[in-house]
Amino acid sequence: MFFNRFPIKYDPPVYRPPSEAESLLLQITIGCSHNNCTFCAMYSGKQFRVCPLDKVLTQIEKAYQYYKDAPPRKIFLCDGDALCAPADYLISILDAINNKFPDLARVGIYATANNILTKSEDELKALSSRKLEIAYLGLESGCDELLKKINKGNTASDMVDAILKLKRANWKSSVIVMLGLGGSEMSKIHCLETAKCLSKMVPNFLSFLTTTPVPGTPYYKMLQNKAISPLTTKELLIEMREIISSIDQQLNGRMIFRANHVSNMFPLAGIIPRDRNSLLTTINEWIQVCPDGVYPDVDPASL
């Protein structure tokens with residue numbers, strides 16, 4: 001019934017981070033400009049494009065009329081890497097948003113390292129001054145060999161540079177790491193290089209997801225062809241432990257850590273480095289009771 005009355009029409013499917021659950025979603029781009037990561041099927045079949053500005057401004061006006069008595073506190077700009085849209089286009093949208101919702105707390109957006117690095121610091125500052133001040137970036141791994149294998153399109157140093165650039169422009173960042181991404185073959189280097197990368201960038205927020213093979217993706221086919229050996233639940237916990245324990249002990253800042261995504265079998269939260277020891281204690285307790293040979297969300301036919 002809600003969707004019959006809601007004035008904004010989307011080009012589905014539409015995704016947003018868990019922390020944007022209560023945000024108003026505005027679709028300003030369709031699909032993902034890269035759309036070649038081997039593990040991802042989120043925007044399969046969608047031709048990437050930037051939505052016409054007049055259409056987005058109309059959607060903002062409709063949202064304003066709908067939410068006039070109870071305006072949203074946050075807005076999230078979709079789709080996959082909406083920050084790739086031109087800076088002047090984004091500024092026009094943000095000016096309209098702030099005009100209609102002056103008490104808005106913030107605007108968030110998905111981004112890639114390429115999106116960030118191709119914009120100047122002045123452009124990024126102009127966006128953050130208009131409340132676009134948090135970007136969600138999928139690091140996935142700090143291992144360049146693995147990033148190449150999954151066709152991420154960026155190196156680890158690209159992503160470190162991008163996060164540091166956001167910091168200089170007064171943005172917050174939320175970075176995603178994928179547990180089990182390299183299988184047992186690359187588990188050790190995935191953990192060590194990811195910890196190095198996180199120690200350099202120190203994002204405001206860090207989240208872990210468990211790699212879930214999606215049928216039809218190149219990553220799924222690699223599992224079927226035995227090119228990647230999936231990790232058991234216990235081995236995934238060991239990866240989580242190794243990444244957290246390998247992050248620099250003397251961080252220049254702190255990271256709010258979450259591993260509470262639906263893909264993770266065990267939810268965990270804390271602040272790194274403050275809660276590192278308690279996090280590791282909890283993980284070690286889980287490892288002790290976790291049975292061997294359990295593969296989460298993996299088609300047995302692919303083992």
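**Reading cysteines, a helix and the core**

User: How many disulfides does a search of the whole structure find?

Analyst: A disulfide is a covalent bond between the sulfur atoms of two cysteines. In this predicted model, a search of the whole structure turns up 0 disulfides. Cys 40, for one, is in no disulfide: the nearest cysteine sulfur belongs to Cys 37 and sits 6.3 Å away.

User: And how far is the sulfur of Cys 84 from the closest cysteine sulfur?

Analyst: That distance is 8.0 Å, to Cys 32, which is too far for a bond. Cys 84 has a relative accessible area of 26%, so Cys 84 is partly exposed. Cys 40 also counts as partly exposed, because its relative accessibility is 26%.

User: Let's turn to helix α2. Which residues of α2 are buried?

Analyst: An α-helix has 3.6 residues a turn, so residues three or four places apart point the same way. In α2 the buried residues are Val 56, Gln 59, Ile 60 and Ala 63. They cover an arc of only 100° around the axis, so they lie on the same side of α2.

User: What do the buried residues of α2 pack against?

Analyst: They pack against β1 (24–27) and α3 (87–100).

User: Which residues have the most contacts inside the largest nonpolar core?

Analyst: In soluble globular proteins, nonpolar side chains tend to be buried together. Here the largest nonpolar core has 86 residues, and Ile 97, Trp 171 and Phe 208 have the most contacts inside it. Apart from that core lies another, of 8 residues, including Cys 32 and Phe 76. Leaving aside residues up to four places away in sequence, Ile 97 touches Leu 26, Ile 60, Ile 75, Leu 77, Leu 104 and Val 107.

How values were computed:
Residues numbered from 1 in each chain as written. Predicted model: local features only at pLDDT ≥ 70, side-chain atom pairs only at ≥ 80, totals over all residues. Heavy atoms only, no water. Buried < 20%, exposed > 50% of the residue type's maximum accessible area, 1.4 Å probe, protein only. Helix = DSSP H or I, 4+ residues; strand = E, 2+ residues; numbered from the N terminus. Arc of directions from axis to C-beta. Contact = heavy atoms within 4.5 Å. Core = buried A, V, L, I, M, F, W, Y, C linked by side-chain atoms within 4.5 Å. Disulfide = S-S within 2.5 Å.
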